[in-house]
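Have a look at the picture first, then read on.

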Amino acid sequence: MIFYDFEVFKYDWLVVLKNTDDRSTTVIHNDPEHLKQFYETHKKDIWCGFNSRHYDQYILKAILCGFDPKDVNDYIIVKKQQGWQ
């Protein structure tokens, strides 16, 4: 199981991922390739987060698809829209 949390700022993004199987912690800062590698390795695991339903999963998907996470962040937070829209 992977617990994760994203933080998105104007010029930076960061995700902390905790793997409960091996008790490891991975921190990824502004490195979409590292995130893609981590995702490919763990995509069959269960991913959990405090706000993953409304925020984190959409930031993850945006980065994996090559979008700017700040644009998605602003769409969700500033414009008060749902990530799935």
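A word on the ground rules. This is a predicted model, where local features need pLDDT of at least 70 and side-chain atom pairs count only at pLDDT 80 or more, while totals for chains, interfaces and linings use all residues. Residues are numbered from 1 along each chain as its sequence is written, and side-chain values use heavy atoms, leaving out hydrogens and water.

**The sheet**

Helices (H or I, at least four residues) and strands (E, at least two) are DSSP runs, numbered from the N terminus. Two strands pair if DSSP finds at least two bridges between them. Here, 4 strands make an open sheet in the order 3-2-1-4, with mixed pairing. Strand 3 (24-29) and strand 4 (47-48) sit at the edges, each pairing on one side only. Strand 1 (residues 2-8) and strand 2 (residues 13-19) run antiparallel, joined by 7 bridges. For instance, D5 has V16 in strand 2 as its bridge partner.

**Helix 3**

Which residues of helix 3 are buried? In helix 3 (residues 69-77), they are P69, V72, N73 and I76; buried means under 20% relative accessible area, exposed over 50%, and partly exposed in between (1.4 Å probe, protein chains only). Looking down the axis of helix 3, these buried residues fall within an arc of 105°, so they line one face of the helix. That arc is taken from the directions from the helix axis to the C-beta atoms. The buried residues of helix 3 pack against strand 1, strand 2 and helix 2 (52-64), where contact means heavy atoms within 4.5 Å.

**Aromatic rings**

Rings of Phe, Tyr and Trp (its six-membered ring) pair if their centres lie within 6.5 Å; planes under 30 degrees apart count as stacked, over 60 as edge-to-face and the rest as tilted. The structure holds 5 aromatic pairs, including these:

| Pair | Centre to centre | Between the planes |
|---|---|---|
| Y4 and F6 | 6.1 Å | 90°, edge-to-face |
| F38 and W47 | 5.9 Å | 85°, edge-to-face |

Y4 and F6 are buried, and so are F38 and W47. One aromatic cluster is made up of Y4, F6, W13, F38, Y39 and W47.

**Two positive phi values**

N30 isn't glycine, yet its phi is positive, near 55°. N30 lies in the loop between strand 3 and helix 1 and counts as partly exposed at 32% relative accessibility. K80, also not a glycine, has a positive phi near 55°. K80 is in the segment after helix 3, and at 68% relative accessibility it counts as exposed.
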